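Take a look at the chain below. Keep it in view while reading.

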Amino acid sequence: MSDAASKLLIMTVLAGLAKSFLLTEAIELTLALILGVRNRKGMLLVFLANLMTNPAAVLFFFAVSFTAGSKAAAFAAIPIEIAVLISEWRLYFSRPDMLDTGRLIFARAAGQPGRETATLILSLILNIASYGLGALISAR
């Protein structure tokens, strides 16, 4: 690969990382606010969870796509998203000082499920929304 091609690939990957991260943050922070995450620490936790998982997931997806093709990347998206979901869920669960699950609108509606269930539901909603909307936007 030529030097120019290498630079173009790096710039493409960096632009993709930035676009994915900013879109994910916009979707998940907005949805977290709608769902009842009201304090700064809770919003910071959502931001940090995405900072921890999004770049790694996107880089792994790009690597699979680049080396094995788009069909392989489509299949790889499933375990990547499951790993993201579990990582963020466990982070949300581990920080009760930052995330008050009792204030989440679905938790109130469901009769206050346990913290583990509430954080799993939060992670599921945020990740399904951001992945789905991201896929729709990328398909355009």
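Predicted model: local features only at pLDDT ≥ 70, side-chain atom pairs only at ≥ 80, totals over all residues.

Residues are numbered from 1 along each chain as its sequence is written, and side-chain values use heavy atoms, with hydrogens and water left out.

Start with the whole chain. The protein chain holds 5 helices and 0 strands. Helices (H or I, at least four residues) and strands (E, at least two) are DSSP runs, numbered from the N terminus. The order from the N terminus is α-α-α-α-α. Along the principal axes, the C-alpha atoms fill a box of roughly 60 × 30 × 30 Å. The accessible surface is about 8200 Å² (Shrake-Rupley method, 1.4 Å probe; for residues, only the protein chains shown count as cover). Carbon and sulfur atoms own 72% of that surface.

How much of the chain is buried? Of its 140 residues, 35% count as buried. Buried means under 20% relative accessible area, exposed over 50%, and partly exposed in between (1.4 Å probe, protein chains only).

Now take the helices. α1 has 33 residues and reaches 47 Å from its first C-alpha to its last. That is close to the 48 Å expected at 1.5 Å a residue; the expected span is 1.5 Å times one less than the number of residues. Its buried residues include G16, L17, S20 and F21. The list also includes the charged-type positions E25 and E28. After α1 comes G36, with a positive phi near 115 degrees. α5 has 25 residues and reaches 36 Å, close to the 36 Å expected. Among its buried residues are A118, L122, S123, L126 and N127.

Next, the interior. A nonpolar core is a set of buried Ala, Val, Leu, Ile, Met, Phe, Trp, Tyr and Cys residues joined through side-chain atoms within 4.5 Å. The largest one has 19 residues, and Y92, F106, L122 and L126 touch the most other members. The elements that give two or more residues to this core are α1 (3-35), α2 (40-68), α4 (105-109) and α5. A second, separate core of 6 residues includes A57, V64, I80 and V84.

What does L126 touch, not counting residues up to four places away in sequence? Its partners are E28, L31, A32, L35, V46 and Y92.

N50 lies in helix α2. N50 counts as buried because its relative accessibility is 1%. Beyond four places in sequence, N50 touches F21, T24, E25, E28, P55 and E88.

L85 is found in helix α3 (residues 70-94). L85 is buried, with a relative accessible area of 16%. Its contacts, leaving aside neighbours within four places, are S123, L124 and N127. L85 and S123 are 38 residues apart along the chain, yet their C-alpha atoms are separated by 6.0 Å.

T117 sits in helix α5 (residues 115-139). Is T117 buried or partly exposed? T117 counts as partly exposed, because its relative accessibility is 41%. Its C-alpha atom is separated by 21 Å from that of L44, 73 residues apart along the chain.

Notes:
Contact = heavy atoms within 4.5 Å.
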